Amino acid sequence: MAAVRETVETVGEVEKYKYGFFTDIESEKAPLGLTEDTVRFISAKKNEPDWLLEWRLAAFRRWLTMTEPTWAKVSYPPIDFQDAYYYAAPKQKVKLDSLDQVDPKLLETYEKLGIPLTEQKMLAGVAVDAVFDSVSVVTTFKEKLAEVGVIFCPMSEAVQKHPELVKKYLGSVVPTSDNFYATLNSAVFSEGSFVYIPEGVRCPMELSTYFRINEKQTGQFERTLIIAEKGSYVSYLEGCTAPQRDENQLHAAVVELVALDDAEIKYSTVQNWYPGDEEGKGGVYNFVTKRGDCRGANSKISWTQVETGSAITWKYPSCILRGDNSRGEFYSIAISNGRQQVDSGTKMIHLGRNTTSRIISKGISAGKSSNTYRGLVSVHRKAENVRNFTQCDSLLIGDKCSAHTVPYIETKNPSAILEHEATTSKISDDQLFYCMQRGIGEEEAVALIVNGFCRDVLQQLPMEFAVEAQKLVGISLEGSVG
Amino acid sequence: MLEIRNLHAKVDGKEILKGIDLDIRAGEVHAIMGPNGSGKSTLSYVLAGREGYEVTEGTIRFKGRDPMEMGVDERAAAGVFLAFQYPLEIPGVTTMTFLKTALNAQRKARGEEELDAVRFLKLVREKAKPLNVTDDMLKRALNVGYSGGEKKRAEVLQMSLLEPALCVLDETDSGLDIDALKTVAEGVNALRSPERAMIVITHYQRLLDYIVPDVVHVLSKGRIVKTGGKELALELEKSGYAAYGADAA
């Protein structure tokens, strides 16, 4: 590793254009395409220390030698990585004066989600008046966290204020060489969240990106790092349930979680990026690497995700169960409609003794979509007494969609006990007729049946999130029947 | 309440109902008896508006309206209730949630105020008690793992809660032992009222000992071949359906 870094540094020294680019630094956008200069531009824009620039450059050089993964069950035209902007200063959203100026379709969705009016205004970028002072809410919330020593800030701020923590943990769970998209992210990441929970602290509130996004728009290459020190606990919520009308096509985020001895991290996601239109035009490519490291003994990491958006989802939130007696959990609802393609699942890597993991995956396919669960449970030679339980259920709506389950199991220790259950079912015409005969409209009936199917996972979500997620399930399946 | 004139209906291109005439007034209970394949269940599905049950001729008037112009859920909100012979399982959806969703959907469709959790809970407990539907049952997923008797009691509970104008009971006695049959019949009888009409579809006379009809119709090969009082059911029990052109009962 050190040798690699040395080589990278040497290459960096002889780099002729090292300073040539900085004249352009006042511009708000990096030039089109991706070169070393782009990486330097981003790093300079963020006033980063040299070690981080080198770290990015090493990742970039590595990325040049890599090819896109093709094993997932998704298909899309080749992405021209040179035909994209990798950094643009956060766009100042046009401040609107009232909700009348907001896209009515957006409002319709908020309405269905039951988001309060003031919150609708905030989400849609309408200046919020004195009725709900967002600034004071954010401030109170920050003070409360500071009291117990919790750090929760944008990644770029953490780089400036807590460089020792960032340096120690960044890339320690998802190395820069991990995979094509994670490596790309390492080179060009521009935003994300940083969370640090000190030893023995139970974070007094659910941390949510909602608060942070209001401060600054997140980029398309987010980098999130959460560190839970010994005996600490944190629950982190990501994503908001409103449609993110993102013009960016590629979203390649990396999330790293580190749980030390007796620590617990609960990470919940509700993802509803733009899925593209009915013909499959547009939409976000969600190519995300999420991994948690149960580094300490008796630690626990739990992933819960509700994935309803994106044209293509390629995502496998994983747990490395390194510490003895550590536990990994993965609860997932993945809904695909229209022409969406989902290839998602998890990896549970059992390294430590007495480690346990639980996987509950609910895939719902409708329209002409394709929905694949891909999961790995791996038990290493020294991992004694491992337990895993996996349950993969697929639900089909209509007859033009597909569901696939691809479980991989590798075990090198005979003491492991691994269970795998899988079911595939369909919403039957009989069930729909039955619900409708009781007066329930067709779309509400589908939502009811699907929510029932997802119940085990919905129960894992924090209360306030669960209600929104249930509504989102209904909305994302609109037009899937009849 | 319900007027059916010369009703013809097809399923999978095959004509099953071949000219039905039926008049049911509020407060009346009509039994429709007949051998298997005579069109009893088809008639109930046509009334409920199930897809694939195509009316080719004739008219239906329900409370002065034409149900054919209404969707399945609209008919339900207007007061048509079908108690299923085989109630469907809805995994993961508790009976309580299902009942609340249905009741509020109907109230909303009729422009009435939706019930909040507290008022709903009070109402459902009140309706559940006489049917011996326990809190435990209400917390379980609808019909999942229910015994035959529990399923039928849950159907009657839905009927009691939704307070329909027209109840169609499709072979409600099937799969019930005598005790369960009595409980269900008591539940149904409690719902008899001058504002409500009922159609009790059954193959056997047994159910009619407990739910005593005002009128009995014999359905055979898609037509009503005989109409009489409750004594007609007893007569059928003795002579069988053969006298009415059926191959075997």
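## Pairing in the open sheet

Two strands pair if DSSP finds at least two bridges between them. With that in hand, take strands E16 (residues 356–365) and E18 (residues 387–396) of chain A in this predicted model: they run parallel and are joined by 10 bridges. One of the residues involved is Ser361(A), whose bridge partner in E18(A) is Cys392(A).

Both strands belong to an open sheet of 8 strands in chain A, ordered E3-E5-E8-E10-E13-E16-E18-E20, with parallel pairing. The edges are taken by strand E3 (207–208) and strand E20 (417–426) of chain A; each has a single partner strand, so one side of each has no neighbour in the sheet.

## Chain A as a whole

Chain A has 14 helices and 20 strands. Of its 482 residues, 49% count as buried. Among contacts in chain A with a separation of 6 or more, 83% come from residues 24 or more positions apart.

## Strand E11 and its partners

Now for strand E11 (residues 312–315) of chain A, which has parallel partners in two other strands. It is joined by 4 bridges to strand E9 (residues 285–294) of chain A, and by 4 bridges to strand E14 (residues 341–344) of chain A.

## Around Leu321

Leu321(A) lies in strand E12 (residues 318–321) of chain A. Is Leu321(A) buried or exposed? It counts as buried, because 33 C-beta neighbours fall inside 10 Å, where 20 or more are needed.

Leaving aside residues up to four places away in sequence, Leu321(A) touches Cys294(A), Ser326(A), Gly328(A), Met348(A), Ile349(A), His350(A), Leu351(A), Gly352(A), Thr355(A) and Ser357(A). Take Ile349(A) from that list: Leu321(A) and Ile349(A) are 28 residues apart in sequence, yet 5.8 Å apart in space, C-alpha to C-alpha.

In soluble globular proteins, nonpolar side chains tend to be buried together. The largest nonpolar core in this model has 187 residues, and the members touching the most others are Val195(A), Ala228(A), Val450(A), Phe81(B) and Val168(B). Helix H12 (residues 442–453) of chain A gives the largest share of this core, 7 residues. As for Ala228(A), its contacts beyond four places away in sequence are Ile197(A), Val234(A), Val258(A), Ala259(A), Leu260(A), Ala263(A), Glu264(A) and Ile265(A).

H12(A) has 12 residues and reaches 17 Å from first C-alpha to last, close to the expected 16 Å. Of those 12 residues, 9 are buried, so the helix is largely enclosed by the rest of the structure. The buried ones are Ala445(A), Val446(A), Ala447(A), Leu448(A), Ile449(A), Val450(A), Asn451(A), Gly452(A) and Phe453(A).

## Where chain B meets chain A

How many residues of chain B are in contact with chain A? There are 21, and they meet 16 residues of chain A. On the chain B side, the elements giving two or more residues are helix H2 (72–78), helix H3 (95–109) and helix H6 (148–162) of chain B. H3(B) has the largest share, with 5 residues. By class, this side of chain B has 15 nonpolar, 4 polar and 2 charged residues.

Technical notes
Residues numbered from 1 in each chain as written. Chains lettered and ligands numbered in written order. Predicted model: local features only at pLDDT ≥ 70, side-chain atom pairs only at ≥ 80, totals over all residues. Contact = placed C-beta atoms within 7 Å. Nonpolar A, V, L, I, M, F, W, Y, C, P; charged D, E, K, R; others polar. Core = buried A, V, L, I, M, F, W, Y, C linked by C-beta atoms within 7 Å. Expected span 1.5 Å × (residues − 1).
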